[in-house]
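Subject: Structure handover

Hello,

Here is the structure we talked about. Please open it alongside this note; my findings follow.

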Amino acid sequence: GSTSTITTDTTFGNTGAITFAGVNTFTGGLDTTAASGVSATGTLATVDTQMDLGDADTGLTLTGGLTLLSGTGAINTGAVTDGASSFALTLDDGTNTQTGKVTFGGNVTLDTLTVTADAYDVEFQGSTSTITTDTTFGNTGAITFAGVNTFTGGLDTTAASGVSATG
């Protein structure tokens with residue numbers, strides 16, 4: 001796969017769709033909130049800077065397995081889906097250190113969510129989220145669930161510093 005690195009803070013101002021494939025590192029940060037949609041496979045990374053992948057009007061669609069990394073920077077998404085496919089979304093690759101909070105601002109519908117062990121918080125803000133496979137949250141930060149969250153294959157949050165749920 002291809003590898004791209006952009007060293008400045010990058011804001012995509014276009015209102016069309018954005019597609020990422022391969023390993024894409026945005027050292028200064030990444031903002032795709034103006035786009036009509038974001039599709040991605042491979043790795044999206046920032047270096048201790050914020051990553052905004054969509055917003056309330058812009059969803060993130062996995063077109064293959066996707067890993068998100070941001071070090072100390074926050075990761076914010078709108079809705080996240082793998083469509084009718086069976087792709088995995090991985091938070092933190094287990095090699096780099098992730099401490100920035102990960103916030104899913106919309107509904108999450110995925111086959112697999114992998115949450116590796118580092119000290120970061122994870123928050124689900126959508127009204128309805130469904131993860132098909134057994135999901136273990138390895139993060140040692142807090143986990144917050146809003147709305148209705150279904151983990152069809154099972155759920156393990158024992159590594160977290162705390163779990164709160166509303167909905």
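The model has an open sheet of 8 strands, paired in parallel, in the order S2-S5-S7-S9-S12-S15-S18-S21. Strands S2 (10–11) and S21 (162–165) sit at the edges with a single partner strand each, so one side of each has no neighbour in the sheet. Strands are DSSP runs (E, at least two residues), numbered from the N terminus. Two strands pair if DSSP finds at least two bridges between them.

This is a predicted model: local features need pLDDT of at least 70, side-chain atom pairs count only at pLDDT 80 or more, and totals for chains, interfaces and linings use all residues. Residues are numbered from 1 along each chain as its sequence is written, and side-chain values use heavy atoms, without hydrogens and water.

Inside the sheet, S7 (residues 51–53) runs parallel to S9 (residues 75–77), joined by 3 bridges. Met51 stands opposite Ile75 in S9.

Met51 is also in contact (heavy atoms within 4.5 Å) with Leu44. Leaving aside neighbours within four places in sequence, Leu44 also contacts others, including Phe20, Phe26 and Leu66.

Now Glu123. This residue lies in strand S15 (residues 122–124). Glu123 counts as buried, at 16% relative accessibility; buried means under 20% relative accessible area with a 1.4 Å probe, protein chains only. Its side chain makes a polar contact with that of Lys101 at 2.6 Å. Another, of 3.2 Å, joins the side chains of Glu123 and Gln125. A polar contact is a pair of N or O atoms within 3.5 Å; within protein, one must be able to donate a hydrogen and the other to accept it, and residues adjacent in sequence count only if both atoms are side-chain atoms.

Best wishes

Notes. Helices (H or I, at least four residues) and strands (E, at least two) are DSSP runs, numbered from the N terminus. Buried means under 20% relative accessible area, exposed over 50%, partly exposed in between (1.4 Å probe, protein chains only).
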